[in-house]
Amino acid sequence: MFGRSRSWVGGGHGKAARSIHSLDHLKYMYHVLTKNTTVTDHNRNLLVETIRSITEILIWGDQNDSSVFDFFLEKNMFVFFLNILRQKSGRYVCVQLLQTLNILFENISHETSLYYLLSNNYVNSIIVHKFDFSDEEIMAYYISFLKTLSLKLNNHTVHFFYNEHTNDFALYTEAIKFFNHPESMVRIAVRTITLNVYKVDNQPMLHYIRDKTAVPYFSNLVWFIGSHVIELDNCVQTDEEHRNRGKLSDLVAEHLDHLHYLNDILIINCEFLNDVLTDHLLNRLFLPLYVYSLVNQDKGGERPKISFQVSLYLLSQVFLIIHYAPLVNSLAEVILNGDLSVFSSKVEQDIQKNSAKSSIRCFIKPTETLERSLEINKQKGKKRLQKRPNYKNVGEEDEEERGSEDNQDDLDKTKGTEASSKGIRTSSENEEIEMVIMERCNLSELSISAVTEQNTTDEEKSAAASGSEITNWNRPFLDMVYNALDCADDDYYALFVLCLLYAMSHNKGIDPVKLERIQLPAQHAEERNSYNHVLAERLIRIMNYAAQPDGKIRLATLELGCLLLKQLVFSKNGSIIKDVHLACLEGAREESVHLLRRFYKGEEIFLDMFEDEYRSMTIKPMNVEYLMMDASILLPPTGTPLTGIDFVKRLPCGDVERTRRAIRVFFMLRSLSLHLRDEPETQLPLTREEDLIKTDDVLDLNNSDLIACTVITKDGGQVQRFLAVDIYQMSLVEPDVARLGWGVVKFAGLLQDMQVTGVEDDSRALNIIIHKPASSPHSKPFPILQATFIFSDHIRCIIAKQRLAKGRIQARRMKMQRIAALLDLPVQPSTEVVVGFGHSSAATAQHLPFRFYDQSRRGSSDPTVQRSVFASVDKVPGFAVAQCINQHNPSPLSSPSPSSGSGSTGHCDSVTASSTSTPSAAQSPSVRSGRKGRRRVFSLSEADSHGGHWV
């Protein structure tokens, strides 16, 4: 038996494997099909395996042997596939057949092979076959098969699917019937298929889509989107307790998918398709449902409505995603300059009289389903073909259609003539959708443009932008937007309004002239001399509310308000903000300083929170697109973290979060104030990367206090290093082979992020862990160094532990002093000094200036200048301190002003500058000099009275 098995493995199977992919094997598979034309329970598995084998051979032949397709076409083998399908042989055979066909078309690469498979119209027969779509597996493979075919569409292959003579396009019409399928993956596949079809530049096919399918498809699609929006609004109204956030998130994601799909269609830039789609979106969805709900919140009316916050939220998404100019310009025109006459029945009737197309601005359900509409159009096409062509009736239908189109064009021209006589300006690109702009809106456009184009003052322009001086013309939508910015109680609506204004100002398709009417500059606006005072005052008022102790303004609202104010008052030549508004903004900044003072503490957690908030705010600035993808902001603002909502999108809970919020408000308003005053930031961040010791820096270590140690890393590595302590950092160095007394930094870490613990069974060892600064307050600290330090004896181990512990305390204390200076708080002088690198004590008279890296440093652009960590002072110990005391004699209780923190430290700095090239040396609180094997250490607290002490 084993011998037989070896023979099967060694010879027979290899020979069979070589012959499976061949023309001879395909002929054998053809013989099997001819012998099994009827599907039974006995031959079902055999037929499935035969179809699989034929598919494999065809894929192999596409790449290796063209005669395979010749035989396949000659024997018309696709007929067997159709015959098997039509026998209703069960789901098993249908699934396997669809799966193998999908694999076959996915893997065919040569166009000739593809033409063989698509010839004789058998593929279209499979497309229109009545499958059992209630079976999820059949549905999945069928729609995947259609998507694979759509990916093969181009100007040549489209003729295999679209029959110009019969006016039939089964691939497209069968696919769009599933546009509202309950399964999301099916809906996504349908969108992909339609986009692949629209991208093919075949005019007869595109005209067929426009004439026969565009109106039914787009009208049903718009109704489907609107139904989802109403469901979304109901979910928001009934979920004040945040219990259905999962469902709400799904509905928001679905709406975003719809908008991206609509934008993808518009981007293809098929003009007549875009006209039909724009008309349906404006007249059947955006205006009657989204915009109308801004001012009409009476749910008892006949028109369907959604809540105010949902309307603002969805409109913001529209302007953030869709940039098609005719659509967004028409929508912005109604919001910024329109009134309720847009929806009046009288205007609707006038439009119907002036246009052959019905353009009632109402969200209504289509009279017929998509499938029924397609069937009616198909029957019309068949009736046309049944006419016997002769010299009398050839082209009759075409002439009738052309006649109706000519009548339509005449009506449109008449309407355009009447409009032009009234002074309404139309653009050629908007001709098809010009009916969406009402006469009253256009007349209003002229009136406001006449106001703004006059030679008026800035105050008059601002008044015109707010509409306060136009008594006979109101803008209810714009008024509602402005009124929503009043957030004395909460910022529920204000956040959505800010998002809408931001989205409109950053939309590339909107004409900047439309935004300039309310003096809202576009993203890249040209030079200007005025801005919208009303909007600026509302934004500054939001900042004042945010700086109050009991303010209900979320951080996202404040940050978005700061972005808009910068955009509003900045032109190419800088800030144009008026002094009164700048003074109000400075008042808000002062309030934020007073607010943060309430939370200022001498505890370690405040410093960590201060630096973490600044780091996270600079690393992850506001992204409005991501903000408007979050469904949680649709629900009323909450103050509990149990909901899982991001901190910037909710109110604070507890003292820790209130501290974090106060820190963020302080940062935002300080940054905005400096930006508007065109002043650089000199105090933040507390630690700058460019001013720290880095790996591979070469340092002058002459006369520095270095402790030799063996570093054993977590992975078992063991190296000899020297430990040195700076003002803010500890470093591990090794001697520089090129220069005596100099060292190369192999590791440097911040003292404030260090943990030092002893080793129980070894008095000469320390466990040291240094964490990388966290990118967010909730992220887990990541250790950049986790090692055991072994010293030569326990005395040096104790010295190292004390030096690191005191260095950590002093580094944190110095940063806390700099925070106190930012808040104009009195600074307590330091009484303990780190014994670390060798330093001169020139800075002792100024009690440790706050900006240690504002002093003279090694020039990064000059490679010849090396950083000296220790000042080689050739004087007796205490000379520099004595010089400072004699010249200045400062009071030990005096505290530096904030300006002294960023300026020079007087003559003491110049004394030590001659002997050092590092700010560390210029600001260190101690001086050391070796003499006769002993060290003389001068500390800040003892230098005045004792002149130092011996260790």
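Before the first selection, one cut-off: a residue counts as buried when its relative accessible area is under 20%, and as exposed when that value is over 50%, with partly exposed in between. Keep in mind too that this is a predicted model.

**Stop 1: a buried asparagine**

Select N263, which sits in helix α14 (residues 245-268). Is N263 buried or exposed? Its relative accessible area is 11%, and the limit for buried is under 20%, so N263 is buried. Now show what surrounds the residue: leaving out anything up to four places away in sequence, N263 touches I321, I322 and H323.

**Stop 2: zoom out**

Colour by secondary structure and you'll have 36 helices and 16 strands to look at. The chain runs to 951 residues, and 51% of them count as buried. If you draw the contacts between residues at least 6 apart in sequence, 72% of them join residues at least 24 apart.

**Stop 3: two helices, α2 and α4**

Select residues 23-35 for α2 and 67-74 for α4; their axes come within 10 Å and cross at roughly 20°. Angles under 35 degrees count as roughly parallel, and so that is the label for α2 and α4. The crossing is right-handed. For the side chains, show L23, L26, K27 and Y30 on α2, which meet S67, V68 and F71 on α4. By type, the residues of this contact are five nonpolar, one polar and one charged.

**Stop 4: another pair, α12 and α13**

Next, pick α12 (residues 184-198) together with α13. Their axes are 13 Å apart, and the packing angle is about 150°. Since angles over 145 degrees count as roughly antiparallel, α12 is therefore roughly antiparallel to α13. Here α12 passes α13 in a left-handed crossing. On the α12 side, select R187, T194, V197 and Y198; they meet M205, L206, I209, Y217, F218 and F224 of α13. This contact is made up of eight nonpolar residues, one polar and one charged.

**Stop 5: the cores**

Which residues touch the most other members of the largest nonpolar core? Select Y290 and F610: out of 211 residues in that core, these two have the most such neighbours.

**Stop 6**

Most residues other than glycine have a negative phi, and most peptide bonds are trans. The last selections are exceptions.

- Select L684 and P685: the peptide bond between them is cis, with omega near -5°. P685 belongs to the loop between α31 (654-676) and β5 (698-700).
- Stay in the loop between α31 and β5 and pick D696. D696 isn't a glycine, yet its phi is positive, about 75°. At 51% relative accessibility, D696 counts as exposed.
- Finish at N167, in the loop between β1 (162-163) and β2 (168-169). N167 is another non-glycine with a positive phi, about 55°. Its relative accessibility is 26%, so N167 counts as partly exposed.

Definitions and conventions. Residues are numbered from 1 along each chain as its sequence is written. This is a predicted model: local features need pLDDT of at least 70, side-chain atom pairs count only at pLDDT 80 or more; totals for chains, interfaces and linings use all residues. Side-chain values use heavy atoms; hydrogens and water are left out. Axes are lines fitted to C-alpha atoms, for helices over the stretch in contact, and angles run from 0 to 180 degrees between N-to-C directions. Helices (H or I, at least four residues) and strands (E, at least two) are DSSP runs, numbered from the N terminus. Angles under 35 degrees count as roughly parallel, over 145 as roughly antiparallel, 65 to 115 as roughly perpendicular and the rest as oblique. A crossing is left-handed if the near helix is turned anticlockwise from the far one by less than a right angle, and right-handed if clockwise. Contact means heavy atoms within 4.5 Å. Ala, Val, Leu, Ile, Met, Phe, Trp, Tyr, Cys and Pro count as nonpolar, Asp, Glu, Lys and Arg as charged, and the others, Gly among them, as polar. A nonpolar core is a set of buried Ala, Val, Leu, Ile, Met, Phe, Trp, Tyr and Cys residues joined through side-chain atoms within 4.5 Å. Buried means under 20% relative accessible area, exposed over 50%, partly exposed in between (1.4 Å probe, protein chains only).
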